[in-house]
Amino acid sequence: MERQIYVNGAFVAEADAKIPVMDRGFLFGDGIYEVTAVLEGHLIDNDLHLARFERSLGEIGIPMPLPLDEIRKVQRELAKRNAMTDGTIYLQVTRGAEERNFVASEGLKPNFIAFTQPKKLLGTAAQENGIKVAVAADPRWERRDVKTVMLLGQVLAKKAAKAAGFDDVWLFQDGYITEGASSTAFIVTHEGTIRTRPNSHAILPGCTRRAVLALVEREGLALDERAFTVAEAQGAAEAFLTSASSLVTPVVRIGDHTVDDGRPGPVTRKLQEIYVEMARTCETL
């Protein structure tokens, strides 16, 4: 069965899904996206993702294409039409299409697309064994808290990391880790404290990050929201990353340093377990 794509109010076969050449997302990266994971038929942290979607659009002055309840219906219908129970649902809104000009016309109608991507989320080699992340200078613009489709910096950083034999990359600025190229970075100190950078314009306010921090508080685990250096990360007892599509994934090597004994640690394992337990209680499709 050919994948069904949502385009501006209609569900169409992928081959028939079209956006104008003059779309500002294509020409300028003038748009916002969001990704919600689906695990065993559950939309994980969807309220958080849709709230961030609405916020990001507001930050760059693009109107919501539909009310949030209608967007939920689009997500559910896409999953149903594509018979997807595990994977991700991608949403993207651009400012619209018109003759190329840096300054957009007032009242331009946004373009809204959405699609599903089946993916195995649990029991992956990365989650079982951990991954290796490179470290690279953060090349992105200052408003990283806005989830825009301008992802060239991340694309090039991930490409370079893969070419060097790494699975992913963590970015840094002024010696401090900002975040992963598509994830939130965490470390665990040798005293057992979980550490992650506080939200600001320097990082995306991760939805999985927020859900994990709620679990950290619930379990009474020690937390310190502050920036940490590359050296601190490399000398940590544990490290892990979070994102919608990777859930909680151990990091066992950072640059040329192995994290502790090179195996996922007990704090990371606990967070993996309780996050999946929580995910299985999220709203069903």
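Glu232 is partly exposed, with a relative accessible area of 27%, where buried means under 20% relative accessible area, exposed means over 50% and partly exposed lies in between (1.4 Å probe, protein chains only). The model is predicted, so that local features need pLDDT of at least 70 and side-chain atom pairs count only at pLDDT 80 or more, whereas totals for chains, interfaces and linings use all residues. Residues are numbered from 1 along each chain as its sequence is written, and side-chain values use heavy atoms, with hydrogens and water left out.

Side chains of opposite charge can pair when their charged atoms come close. The structure holds 25 salt bridges, a salt bridge being a side-chain nitrogen of Lys or Arg within 4 Å of a carboxyl oxygen of Asp or Glu. In one of them, the side chain of Glu232 meets that of Arg195 at 3.7 Å, N to O. Because Glu232 lies in helix 7 (residues 230-234) and Arg195 in strand 11 (residues 194-196), this pair ties together parts that are 37 residues apart in sequence; helices (H or I, at least four residues) and strands (E, at least two) are DSSP runs, numbered from the N terminus. Arg195 is buried, with a relative accessible area of 12%.

A salt bridge also joins Lys270 and Glu219, whose closest N and O atoms are 3.4 Å apart. Since Lys270 belongs to helix 8 (residues 266-279) and Glu219 to helix 6, the pair links parts that are 51 residues apart in sequence. Lys270 is partly exposed at 33% relative accessible area, and Glu219 likewise counts as partly exposed, at 29%.

Arg263 and Asp261 form a further salt bridge, at 2.9 Å from N to O; Arg263 is exposed, with a relative accessible area of 58%, while Asp261 is partly exposed, with 44%. Salt bridges that share partners also join Asp47, Arg72, Arg76 and Glu283 into one network.

The packing of two helices was also examined. The axes of helix 2 (residues 46-59) and helix 6 (residues 207-219) come within 9 Å and cross at roughly 135°, the axes being lines fitted to C-alpha atoms over the stretch in contact, with angles running from 0 to 180 degrees between N-to-C directions. Helix 2 and helix 6 are therefore oblique to each other, given that angles under 35 degrees count as roughly parallel, over 145 as roughly antiparallel, 65 to 115 as roughly perpendicular and the rest as oblique. The contact (heavy atoms within 4.5 Å) is made by Leu48, His49 and Arg52 of helix 2 and by Cys207, Arg210 and Ala211 of helix 6.
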